[in-house]
Amino acid sequence: MAKLHKLELQAEIKSPPSRVFDVYKNKIDLMPKISPQKLRSIQVLEGDGSTVGSVRLWTYFLGEPVEAKDRIDAVDERNMSITFDIIGGEVTKYFKSYKATIQLVSGEGGSKSFLKWSVEYEKANEGVLDPHAQLDFLITMAKEVDAYLLQNSS
């Protein structure tokens, strides 16, 4: 029987969560400009790149150049979350299934805002390591998006 695993990591953000969510949903073309040393390109292969069913090809660096093809499975505007299903690329060599969700949470009454990445995955075999490096990469990218938005908050 398949065993699903789940990892989560969150980070405080200083930008309005709605602006960070907007970059991940509507302005992914900014991401290689924000972090060119980590992310080479994002190509929209199917759909418009921001709605459910859209397929995109990400070329990034995780020690070496890596590609991942994702499909947007869910977009929740009210809860500022997007779920991606990784359907191709290097990740699929190590995982039978791999879903990643980003959620932005607004601080209420002066509390801090944060973003949370969670990944739910099934390993191809028990020798595969948990994807901590990928989760760290996602959090680092999100922090860089936050810093970019703070510097360009016009």
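Modeller: One term before we start: a residue is buried when its relative accessible area is under 20%, exposed when over 50%, and partly exposed in between. Keep in mind that this is a predicted model.

Biologist: What is the secondary structure of the protein?

Modeller: You'll find 4 helices and 7 strands. Going along the sequence, they run β-α-α-β-β-β-β-α-β-β-α.

Biologist: And why is the protein called as compact as a globular protein of that length?

Modeller: The globule rule gives 15 Å for 154 residues, and the radius of gyration here is 15 Å, so the protein is as compact as a globular protein of that length. Along the principal axes, the C-alpha atoms fill a box of roughly 45 × 30 × 30 Å.

Biologist: Let's talk charges. How many positive and negative side chains are there?

Modeller: There are 20 positive and 22 negative ones, and the centres of the two sets lie 2 Å apart. Searching the whole structure turns up 13 salt bridges.

Biologist: What makes D73 and K99 a salt bridge?

Modeller: The cut-off is 4 Å between a side-chain nitrogen of Lys or Arg and a carboxyl oxygen of Asp or Glu. For D73 and K99, the closest N and O atoms are 2.4 Å apart, so the pair is within the limit and counts as a salt bridge. This pair links distant parts of the chain: D73 sits in strand β4 (residues 65-76) and K99 in strand β6 (residues 95-105), 26 residues apart.

Biologist: Which residues are linked with D73 and K99 in a network of salt bridges?

Modeller: R71 and D85 join D73 and K99 in that network.

Biologist: Why is D73 called partly exposed?

Modeller: Its relative accessible area is 24%. Buried would need under 20% and exposed over 50%, so D73 falls in between. K99, at 33%, is partly exposed by that reasoning too.

Biologist: How do you know that E8 and K6 form a salt bridge?

Modeller: Their closest N and O atoms are 3.5 Å apart, which is within 4 Å, so the pair qualifies. E8 has 43% relative accessibility, so it counts as partly exposed.

Biologist: And what about D22 and K27?

Modeller: Their side chains meet in a salt bridge at 2.8 Å, N to O. K27 is partly exposed, with a relative accessible area of 36%.

Conventions
Residues are numbered from 1 along each chain as its sequence is written. This is a predicted model: local features need pLDDT of at least 70, side-chain atom pairs count only at pLDDT 80 or more; totals for chains, interfaces and linings use all residues. Side-chain values use heavy atoms; hydrogens and water are left out. Helices (H or I, at least four residues) and strands (E, at least two) are DSSP runs, numbered from the N terminus. The radius of gyration is taken over C-alpha atoms; the globule rule is 2.2 Å times the number of residues to the power 0.38. Lys and Arg count as positive and Asp and Glu as negative; His and the chain ends are not counted. The place of a charge is taken as NZ of Lys, CZ of Arg, CG of Asp or CD of Glu. Buried means under 20% relative accessible area, exposed over 50%, partly exposed in between (1.4 Å probe, protein chains only).
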